[in-house]
Amino acid sequence: MNAHDRRSRENRSPRSGTVRLLATVLTLAAVVPAPSALAPQRASAADGDKVLTVAVAQSVDSLSPFLASRLVSTSIHRLMYEYLTNYDPKDAHPVPALATKWTPSADKLTWTYTIRSDSTWSDGRRTTAEDAAWTFNKMMTDEGAATANGSYVGNFEKVTAPSPTRLVIELKKPQATMAALDVPIVPKHIWEKVGDFSDFNNDKSFPVVGNGPFVLTDYKADSYVRLKANKNFWRGAPKFDELVFRYYKDQDAAVAALRKGEVSFVAGAPALTPAQAQSLKGVKNIRVNEAPGRRFYALAVNPGAKAANGEKFGDGHPSLLDERVRHALFTAVDRTTLIDRVFQGHAVEGEGYIPPRFSTYFWKPSASQKLAYDPAKAAQLLDQAGYRKNGDGKRVGKDGKPITYRILCHATDPNDKAVGQYLQEWWSDLGIGVQLDCLDNVSDPWLAGTYDLAFDGWSVNPDPDFVLSIHTCGALPATPKDVGATDNFICDKKYDDLYARQLAEYDPAERANIVKQMESRLYDLGYMNVMAYPNAVEAYRTDQIKSITTMPEKAGNIYGQDGYWSWWSAVPASADSSSDDSGSTGVIAGTVGGLAVVLGAVVFFVMRRRAGAEDRE
Amino acid sequence: MTAETTPPAARAPAGPRQLARQRRRASLVRFWNRYRSHRAGLLGLALLALFALAALTAPLTVGPDVASVTEAPGRPMESPSGDFPLGTDRFGRDLLGLLIWGTRVSLLIGLLAALLSVVIGALVGITAGHFRGVYDTVMMRVTDWFLVMPTLVLAIALATVMSRSLGTIVLAIGVTSWPTTARLVRAQTLAVESRPYIERAKALGGGHRHVMSRHVLPNVMPLVLAQATLIISSSILAEATLAFLGLGDPTVVSWGGLLQEAREAGAVSSGDWWYLVPPGIAIAVVALAFTLCGRAVESVLNPRLGVAR
């Protein structure tokens, strides 16, 4: 799956405070066997299994690989299903996974993949090329199955499996992403029974048959996702026996759980706050891992929402259709201050669309092209565009009313609110009002186009095709009622031409060159203004996880990698030390709790008896 | 302070208007004398005066610039020091200044929400008690419905569907906390309306409006006032709760909003107490002050509560 999180609006899930948290805790207590009720996380440690617990906050959108697009879901799919290829953890070049080899024909229109013969489904059947062919054919023929990854097969002519180890894909046009098809391959014998793919969430019967390093054994929405190690995994069995993603909707609670050793890893949503990272740095047995992020953090502009059939909808402010206005707004955003104050150095200033971590595709504007912070110039641009100040110092639109922009922000993301406050003050100096609409669910106004500006963010894959594709005209929804793959309704002819060219370009250097031109075009359009590339800030317990692979290996992140490397490679710390002290805490807690209950019961009965005696008298 | 208390002996024959004024002044004095005997009530009043003073003079002492993020004087999350007695927030703003500035919003919302709640409650209560019959039954069932609904849940639902602004919060608290007042006022209205002088007023041609506004309202007013004081404290708490749950306007500085920001910035797990404790204490103290005043007023007005006089 290419987009590791589709639109940041879907990527961050509502955080609903203590009630939900309490419910989660209670549910967990109910789920784990009896003696562990006081210390649920120790349940499996008791029977000798090594459990890796990861605190997450983002809700799963769907466990069906045909529908899922959020980071947490696609990360889980990486663990459940093998893809044709994987990315090398060192430098992210494509490496063999389910396919051991892939070769194009001379005209590059027919690709032949050799499927490995040592991969089996968890129900014992062998994984064959037929499974892969079926998966792709399903996505090509069934609209519902193309929801998440349809962009990969749009260009496919025919997919066949002449033998169990040979997969042949014929293309209509050349496609540069053939070694980076991020599509989970599912078992045909299970999935051909599914009726409606747009409605099937793959979360009813467990364990779910898969062939990845882990097998999904249990899932409860917003409570936990439980996976068991696949001992027959062809690359070798994972070192941990069980992997549990446990929900902490409150990040501070997750950090507290990490301090107590109840969870082994906290990813943060999307990252630990500077204060949390700072406070965890000195703590014994906890390592804070900070890496250049895969995400960009941007200010998206509503370019006038429209559907593929030409129908316009939504109510974006008309003044934003003027490029000078968009440039003026962004010119009045001081990115250095945002990095310094809001991210406190845990981010890099935004330049082009793709983060510097992907150096092949990273592009930055030249000094003359750059919209550097310059409030005076911003005011000048607005004057030129004809939006002048009235008597009250407010700029008025063409309709004669003072301009106030609605900014869509995620109520669950503190950074959105913080940056929003800065924007409010910077833009009010320009004479432009800001109304910060912080919502738990930003999807509805977003899809309806009823916003002016919005905070946006995507994780970028080593192959940037997907994040580029979401700004093409082809990604627009078919009608205003449909949901398209589009991010914020950008549709630009010049950009689209470049997109088609890069997709058909097999020469890596030339392709990178075209991608950079696309980024340049996107920058000039001013509909997608990247403010920062936030770092991944995460923390784990070294007394539970001895070692874990980061990606890239040097200064890389752990959660949300392009691949299953981190959880597959994680080595448990020596069982004795960790289970010892934790076990004893559990025992102590259990004993104290038990004593309290007994004491309470005794007091209660004594009181009752005494009351009874008085009644008798 | 009730309307039918006998006026003190007038020195000279006075007009009815002047008579009424004298009577009112006398009952106020009597009220104050009785109120003075409640030490807790006085303490509450003193605390309130302090907070009101802080809120009203805030534009002079700290100024609106204290809430500006672009002109924040310090580094983010500084611990308390000479420059910043309570440290700084995540933007580097002075927390003491924000605390004082936040008093304005918290008190304002508390007062407005209580006002709205009491107005709705009094209106429903008086009309229900006055008209009786089907109207009464319907209104009281509606009241019952609001009474059994968990206030916070209803307020959260309202605040979620409406846009995030101060008005929304006021509305959400106001429309969810009126049923108790309505019940109380209705009971008092029934008691007042059964008195003979109401019948006389009616016989003299007093219409519904006259009876309700000239006779019933002045008699339920003390009750409403006592109720209002008590509702303010719960409104302030409700405002803080809603803001803490992230349902407030993030660009407005309030105590609950400060707590919410502290939580989001990770102040709880990193132990930055100066970010969390002061707004928490402020909320608690103001709510306590209003409760103390409310209880004192209540016991002055209702001798049956059995507080020593």
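**Close-up views of the predicted model**

**View 1. The end of helix α17(A).** In this predicted model, α17(A) is followed by G526(A), whose phi is positive, near 75°. Helices (H or I, at least four residues) and strands (E, at least two) are DSSP runs numbered from the N terminus. Helix α17 of chain A covers residues 508-525; at 1.5 Å a residue its 18 residues should span 26 Å, and the end C-alpha atoms are 26 Å apart, which agrees. The expected span is 1.5 Å times one less than the number of residues.

**View 2. Buried residues of α17(A).** The buried residues of this helix include R511(A), K516(A) and E519(A), together with I514(A), V515(A), M518(A), L522(A) and Y523(A). A residue is buried if 20 or more other C-beta atoms, placed from the backbone, lie within 10 Å of its own. Among the elements covering these residues are α15 (465-469), α16 (493-503) and β18 (528-534) of chain A.

**View 3. The contact between chains A and B.** Chain B contributes 24 residues and chain A 25 residues, two residues being in contact if their C-beta atoms, placed from the backbone, lie within 7 Å. On the chain B side, α10 (255-264) and α11 (267-270) each supply at least two residues, and α11(B) gives the most, with four.

**View 4. The fold of chain B.** Chain B has twelve helices and zero strands. Of its 309 residues, 43% count as buried.

**Note.** Residues are numbered from 1 along each chain as its sequence is written, and chains are lettered from A and ligands numbered from 1 in the order in which they are written. Local features need pLDDT of at least 70 and side-chain atom pairs count only at pLDDT 80 or more, whereas totals for chains, interfaces and linings use all residues.

Key:
Buried ≥ 20, exposed ≤ 12 C-beta atoms within 10 Å, placed from the backbone.
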